[in-house]
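Have the structure open as you read.

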Amino acid sequence: MHEFSHCYDCGQAKEKGNICPLCEKCYFDNDFDSKMMQCAKCDLWIHADCEGLSGDQYECLSELPDNIPYICKKCDNDPGEAKPKWYIELMEEMQAGFDRVGTPVL
């Protein structure tokens, strides 16, 4: 299966499309512990670690409004933009939360 580059279970996951496009590691439908988010463009699931997100950033990402979609690194087609819009909004939301509790972001 897949020229023996994967074990049987991972080969099955890859055939279903259950593979992070950034690290190319498989995931399983019943894996509810992995921190992953779905790209609004390609519809694939991405590990938060692969995007370089901390646990707090991952948790805050789900709080962003629906009009600020998460777009993965592979689908982000705006090389002129330093950071994607979702990331800028995420950091602003986190800063607002820190400001509410009086803790500066380092």
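Start with the rings: the count comes to 2 aromatic pairs, where rings of Phe, Tyr and Trp (its six-membered ring) pair if their centres lie within 6.5 Å, with planes under 30 degrees apart called stacked, over 60 edge-to-face and the rest tilted. Tyr70 and Trp86 make an edge-to-face pair, at 4.9 Å centre to centre with 75° between the planes. Tyr70 sits in the loop between α2 (55-61) and α3 (85-101) while Trp86 belongs to helix α3, so this pair ties together parts that are 16 residues apart in sequence. Helices (H or I, at least four residues) and strands (E, at least two) are DSSP runs, numbered from the N terminus.

Before going further, a word on the ground rules. This is a predicted model, in which local features need pLDDT of at least 70 and side-chain atom pairs count only at pLDDT 80 or more, while totals for chains, interfaces and linings use all residues. Residues are numbered from 1 along each chain as its sequence is written, and side-chain values use heavy atoms, with hydrogens and water left out.

Back to Trp86, which also forms an aromatic pair with Tyr87, again edge-to-face, at 5.8 Å centre to centre and 90° between the planes. How does each residue sit relative to solvent? Buried means under 20% relative accessible area, exposed over 50%, and partly exposed in between (1.4 Å probe, protein chains only).

| Residue | Relative accessible area | Class |
|---|---|---|
| Tyr70 | 7% | buried |
| Trp86 | 3% | buried |
| Tyr87 | 21% | partly exposed |

Now the cysteines. How many disulfides are there? The count is 0, taking a disulfide as a pair of cysteine sulfur atoms within 2.5 Å. For Cys23, the closest cysteine sulfur is in Cys50, 3.6 Å away, which is too far for a bond. Cys75 has its closest cysteine sulfur in Cys72, at 3.7 Å, also too far for a bond. Cys23 is partly exposed at 29% relative accessible area, and Cys75 is buried at 14%.

On to the backbone. Most residues other than glycine have a negative phi. Glu24, though, has a positive phi near 60°; it lies in the loop between α1 (8-16) and β1 (36-38) and is exposed, at 55% relative accessibility. Asp43 also has a positive phi, of about 65°, without being a glycine, and its place is the loop between β1 and β2 (45-47).

Finally, helix α3. Its 17 residues should span 24 Å at 1.5 Å a residue, and the end C-alpha atoms are 25 Å apart, which agrees; the expected span is 1.5 Å times one less than the number of residues. Trp86, Leu90, Met94 and Gly97 are the buried residues of α3. Seen down the axis, they fall within an arc of 70°, so they line one face of the helix; the arc is that of the directions from the helix axis to the C-beta atoms. Lys85 and Asp99 are exposed residues on the face turned away from that buried side. Among what covers the buried residues of α3 is α2, with contact meaning heavy atoms within 4.5 Å.
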